[in-house]
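Dear colleague,

I am handing over the structure below, and after it you will find notes on what turned up when I went through it. Please read them alongside the coordinates.

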Amino acid sequence: MEWLQNPVFSTWDSNTSLWSNALITLYMTAGTMLLATLIGLPLGVLLYETEKSHGSLARWVNRIVGFVVNVGRSFPFIILIIALIPVTRFVVGRVTGPNAAMFALTVSAIPFLARLIETNLREISAGKIEATQMMGASRWQVIRQVLLPEALPGIIGSLTTTTIAVVGYTAMAGVVGGKGLGDLATRMGYQSYDNVVMVATVVLLVVLVIAIQALGSFFAKAVDHRARQS
């Protein structure tokens with residue numbers, strides 16, 4: 001068991017420890033998903049609502065927001081994080097470290113999540129929406145009482161998918177100074193030719209993704225009234 005004597009397993013130093021960098025990765029993932037959900041969920045609802053509106057202003061809003069979302073989704077993350085360096089320095093005050101990486105991660109995750117949320121809302125039966133409107137519900141009541149509850153299992157699935165994508169992005173962020181498991185794998189594994197570190201980081205990332213997917217599937221099933229009725 002000589003591999004257990006490797007410094008990455010026996011220290012909590014953030015520069016060399018597998019465990020500290022795993023916590024940094026979790027911190028970046030959780031922080032990114034919190035911010036992305038706060039912005040991406042309303043943005044997805046906005047895309048859905050303005051697409052169905054007959055007003056000229058709403059259509060223009062849909063085109064502009066849709067264009068911005070499409071541009072944001074088209075950027076490979078490694079290019080986006082470099083392109084955002086001036087903005088990151090202005091907002092965060094630095095361009096390296098977990099908080100700087102989290103800014104770029106959030107910018108990347110928001111359009112991705114918004115489109116997924118829009119797709120979830122499109123899958124809701126038009127009959128349920130019309131029935132609620134016929135009872136005199138306002139548009140906000142339709143969103144709050146029909147759209148979001150009915151789409152909740154899909155929304156949880158979209159959050160799960162986005163979270164897994166963010167975990168992968170954190171590994172890329174580590175290559176450009178974002179810390180976390182990606183940074184550890186690059187410095188202590190690839191650059192130092194340490195296969196133990198490379199394997200350990202890969203295994204830990206795989207376990208993390210499997211755990212996220214399992215939790216997401218569990219909660220999606222728990223709130224799915226169709227699954228409970230069957």
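**Salt bridges and overall fold**

The count comes to 4 salt bridges, a salt bridge being a side-chain nitrogen of Lys or Arg within 4 Å of a carboxyl oxygen of Asp or Glu. This is a predicted model, in which local features need pLDDT of at least 70 and side-chain atom pairs count only at pLDDT 80 or more, while totals for chains, interfaces and linings use all residues. Residues are numbered from 1 along each chain as its sequence is written, and side-chain values use heavy atoms, with hydrogens and water left out.

One of the bridges pairs glutamate 51 with arginine 122, with 2.9 Å between the closest N and O atoms. Glutamate 51 lies in helix α2 (residues 18-52) and arginine 122 in helix α6 (residues 98-122), so this pair ties together parts that are 71 residues apart in sequence; helices here are DSSP runs of H or I with at least four residues, numbered from the N terminus.

Within helix α6, glutamate 118 and arginine 122 are 4 residues apart, about one turn of the helix, and their side chains meet in a salt bridge at 2.9 Å, N to O. Salt bridges that share partners join Glu51, Arg115, Glu118 and Arg122 into one network. Glutamate 118 is buried, with a relative accessible area of 3%, whereas arginine 122 is partly exposed at 45% (buried means under 20%, exposed over 50%, partly exposed in between, with a 1.4 Å probe and protein chains only).

As for the whole chain, there are 11 helices and 0 strands, and buried residues make up 41% of its 230 residues.

Best regards

How values were computed: Helices (H or I, at least four residues) and strands (E, at least two) are DSSP runs, numbered from the N terminus.
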